[in-house]
Amino acid sequence: SYTAYRKALLRELGVPGVNLTHGDDGLLRAATRFEPGALAFVVPPKYVLTVQEALGSGAGSLINKHARSLRKTLPRHFVLAMWVLYTKHVKRRNDLWGLWLASLPSFDTTPLFWDEAELPMLEEERVLKRSRARREMLEDEYESMVRVLLEEAGLEDDAGEGVISLREYMWAVTAVTACSLHFAEDFPVLVPMRVRFHPYGAAEIYEGGDEQDPGAALYVGEDGLAEGRELTVYTDQFNDELMLHGGH
């Protein structure tokens, strides 16, 4: 599936290309030096998924149909995570989106998946508390919202019994928080690529095209990007947030 994903990525988005490589770890690196301000790549609207578009999809129709049984305000990560789970387990798409989801790692470097014996390795009380709180939050979302869709909306029948477990929901949320690009703090979008965040990220994301159906472009920052270096995206998150949300 990983080979098929890389072929689809090249066919649909031209990556890897002359300027970028795509390693076995799924990360993008510069094949040649990028000068400051250079365009790294463009993602057309077809492959930029907004929360609104996710709500208009198969999983979104289930959310809308059973909205009265859910919370009045739905977390954006929940909407996108349900799109991920629906695409992976119900629709079972074999296009670039489906192949990308199949290529993603387990994200077991994220403390969300660590047990109580492993959590102390974080060695910082604040991060320990935030890790436990994040797990409790997602456990609550699973019981109060995901199970509504599994049982009332028949999602379990479509996906298979036990397939969309708590762990699978936590994986989907981590895929969203680790891979979403942000046009603004409250405007996450998914693209079928894994581009990691870093407080000294090499590039910034810009919205393009129609506001209702945006595309995305990554431009290299003022320091440029040396050959062989990873193409990361700037974020104001530091180690504790990066560990919690992305596992790095």
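1. Start with what a contact is here: heavy atoms within 4.5 Å. By that rule, Gly58, Ala59, Leu62 and Ile63 in helix H3 meet Phe78, Val79, Met82, Trp83 and Tyr86 in helix H4. Helices (DSSP runs of H or I, at least four residues) and strands (runs of E, at least two) are numbered from the N terminus.

2. A word on the model before going on. It is a predicted one, in which local features need pLDDT of at least 70 and side-chain atom pairs count only at pLDDT 80 or more, while totals for chains, interfaces and linings use all residues. Residues are numbered from 1 along each chain as its sequence is written, and side-chain values use heavy atoms, with hydrogens and water left out.

3. Back to H3 and H4. H3 covers residues 58-65, and its axis comes within 8 Å of that of H4, crossing at roughly 125°. Axes are lines fitted to C-alpha atoms, for helices over the stretch in contact, and angles run from 0 to 180 degrees between N-to-C directions. The two helices are therefore oblique to each other; angles under 35 degrees count as roughly parallel, over 145 as roughly antiparallel, 65 to 115 as roughly perpendicular and the rest as oblique. By class, this contact of H3 with H4 has eight nonpolar, one polar and no charged residues. For those classes, Ala, Val, Leu, Ile, Met, Phe, Trp, Tyr, Cys and Pro count as nonpolar, Asp, Glu, Lys and Arg as charged, and the others, Gly among them, as polar.

4. H4 has another helix partner, H8. Their axes lie 8 Å apart and the packing angle is about 115°, which means H4 is roughly perpendicular to H8. From H4 come His77, Phe78, Leu80, Ala81, Met82, Val84, Leu85, Lys88 and His89, and they meet Glu168, Tyr169, Trp171, Ala172, Val173 and Val176 in H8. Sorted by class, the contact of H4 with H8 has 11 nonpolar, two polar and two charged residues.

5. Three strands make an open sheet in the order S4-S6-S5, with antiparallel pairing; two strands pair if DSSP finds at least two bridges between them. The edge strands are S4 (49-50) and S5 (181-184), each of which pairs on one side only. H4 (residues 76-91) packs on this sheet, touching S4 and S6, and its direction makes about 10° with that of S6.

6. The pairings can be followed residue by residue. S4 and S6 (residues 187-190) are antiparallel over two bridges, and Leu49 has Leu190 as its bridge partner in S6. Between S5 and S6 there are three bridges, again antiparallel, and here Leu181 is partnered by Val189 of S6. A hairpin through two residues joins S5 to S6.

7. There is another hairpin to look at. S8 (residues 203-210) and S9 (residues 213-220) run antiparallel and are joined by eight bridges, with two residues between the strands. Glu204 has its bridge partner, Tyr219, in S9.

8. What does Phe183 contact beyond its neighbours within four places in sequence? Val48, Val189, Ile205, Tyr206, Glu207, Pro214, Gly215 and Ala216. Phe183 sits in strand S5 and is buried, with a relative accessible area of 17%. Buried means under 20% relative accessible area, exposed over 50%, and partly exposed in between (1.4 Å probe, protein chains only). Gly208 is 25 residues away from Phe183 in sequence and 9.7 Å away in space, C-alpha to C-alpha.

9. Now helix H9 (residues 239-246), whose buried residues are Asp240, Leu242, Leu244 and Gly246. They pack against helix H6 (125-151), helix H8 (166-179) and strand S7 (197-198). Just after H9, Gly247 takes a positive phi of about 80°.

10. Thr110, in the loop between helix H5 (96-103) and H6, is buried at a relative accessible area of 0%. Leaving out residues up to four places away in sequence, Thr110 touches Thr174, Met243, Leu244, Gly246 and Gly247.

11. Last, is Asp157 buried or exposed? Asp157, in helix H7 (residues 155-159), counts as exposed at 68% relative accessibility. Its C-alpha atom is 9.4 Å from that of Val90, a residue 67 places apart from Asp157 along the chain.
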